[in-house]
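Please keep the structure in view while reading.

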Amino acid sequence: MNAGVLLLSTSLARGGAETQVVELALGLRSRGWNVAVASLIPAASLAGQLEAAGVPVHSLGMRPGRGNPAGYVRLVKLLRRIRPGILHAHMFHANVLARLARLVSPVPAVISTLHSAAESGRQSREIRRRDLAYRLTDPLGDVVVAVAESAGARHAAAGAVSRAKLRVIPNGVDTTVFRPDPGARERLRRALGLGTEFVWLAVGRLMWKKGYETLLQAFAACPDAALLVAGSGPQEDELRRLATDRVRWLGQRDDVADLMRACDGFVQASVIEGLPVALLEAGA
């Protein structure tokens with residue numbers, strides 16, 4: 001795959017950043033680019049969409065939240081085998097790994113993408129160590145893309161990225177998919193057993209960054225409404241205990257566009273974001 005693009009993502013689980021990786025891969029392929037995708041951890045739900053479109057998917061076999069030298073070796077071998085002209089990484093672990101791989105496997109261009117205003121660990125709000133890792137590896141990258149002005153500005157102010165390398169390219173959505181459809185709205189409302197009540201929708205991983213505790217507390221003061229929650233995550237059991245019986249937990253869904261059509265309002269209470277894909281989808 002000479003002079004092609006390898007998109008390196010921390011994961012391919014269903015999420016906003018991962019969705020952008022998939023859309024980018026599919027868009028590049030439709031424009032004639034040679035493109036492949038690699039995930040640090042074993043490929044998950046979004047991998048099938050890529051493979052169905054003929055985009056090769058690779059896994060580095062790493063485990064979430066754990067460093068693994070073998071994953072680094074696998075990336076280096078992959079780069080030497082497919083020889084991409086551009087290595088475009090997404091999210092913290094992939095961003096740092098892509099830069100370090102350049103030490104032993106030269107790549108003509110390395111791009112890192114910041115998907116959040118502040119990147120932290122799964123169970124921590126500490127960002128200084130990750131800012132330091134970005135600062136130390138910054139010389140190994142060519143361009144840093146932020147998905148929102150706020151994300152770029154915060155990292156630049158902290159010295160995590162040099163302003164000369166920084167570009168802001170906002171997230172986007174496919175408005176042929178996310179658009180009004182009154183017929184689909186009525187069909188899904190009937191299928192979900194919804195009446196005339198006002199129905200809120202929340203979409204996202206059930207974890208502290210999404211602020212679901214605040215959301216559930218606020219919703220308790222809305223006696224005449226219902227709330228649908230689409231997503232899964234490590235806090236699910238805890239959040240279910242906090243919820244009233246007017247909250248319906250839908251789990252992981254593949255029909256988010258229809259859910260957005262069926263509901264009357266979208267709500268998000270994130271602690272930190274970049275440019276939330278779900279918010280853009282709901283707006284569309």
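In this predicted model, Phe 92 and Tyr 134 are both buried, each having under 20% relative accessible area. Where do these two residues lie, Phe 92 and Tyr 134? Phe 92 belongs to helix α4, which covers residues 92-101, while Tyr 134 belongs to helix α5, which covers residues 128-137, so the pair ties together parts that are 42 residues apart in sequence.

The rings of Phe 92 and Tyr 134 form an aromatic pair with an edge-to-face arrangement, and the count of aromatic pairs comes to two. The other entry in the table is the pair of Phe 198 and Trp 200, whose arrangement is tilted.

| Aromatic pair | Centre to centre | Angle between the planes | Arrangement |
|---|---|---|---|
| Phe 92 and Tyr 134 | 5.3 Å | 75° | edge-to-face |
| Phe 198 and Trp 200 | 5.0 Å | 55° | tilted |

The 75° between the planes of Phe 92 and Tyr 134 is assigned to the edge-to-face class because that class takes planes over 60 degrees apart. As for accessibility, Phe 198 counts as partly exposed at 37% relative accessibility, and Trp 200 likewise counts as partly exposed, at 29%.

The helices that carry Phe 92 and Tyr 134 can also be described as a packed pair. Two packed helices are described by the angle between their axes together with the distance between the axes. For α4 and α5 the angle is about 25° and the axes are 10 Å apart; angles under 35 degrees count as roughly parallel, and α4 and α5 are therefore roughly parallel to each other. The crossing of α4 and α5 is left-handed.

On the α4 side, this contact involves Phe 92, His 93, Asn 95, Val 96, Arg 99 and Leu 100, which meet Arg 130, Ala 133, Tyr 134 and Thr 137 on the α5 side. The residues of the contact of α4 with α5 divide into five nonpolar, three polar and two charged.

Beyond these helices, Val 104 is found in the loop between α4 and β5, the latter being residues 109-114. What is Val 104 in contact with, leaving aside its neighbours within four places in sequence? With those neighbours set aside, Val 104 is in contact with Tyr 72, Val 76 and Arg 80. The C-alpha atoms of Val 104 and Val 73 are 9.9 Å apart in space, although the two residues are 31 residues apart in sequence. At 40% relative accessibility, Val 104 counts as partly exposed.

Methods. Residues numbered from 1 in each chain as written. Predicted model: local features only at pLDDT ≥ 70, side-chain atom pairs only at ≥ 80, totals over all residues. Heavy atoms only, no water. Phe/Tyr/Trp six-rings, centres within 6.5 Å; stacked < 30°, edge-to-face > 60°. Helix = DSSP H or I, 4+ residues; strand = E, 2+ residues; numbered from the N terminus. Buried < 20%, exposed > 50% of the residue type's maximum accessible area, 1.4 Å probe, protein only. Axes fitted to C-alpha atoms, helices over the stretch in contact; angles between N-to-C directions. Parallel < 35°, antiparallel > 145°, perpendicular 65-115°, else oblique. Left-handed = near helix turned anticlockwise from the far one by under 90°. Contact = heavy atoms within 4.5 Å. Nonpolar A, V, L, I, M, F, W, Y, C, P; charged D, E, K, R; others polar.
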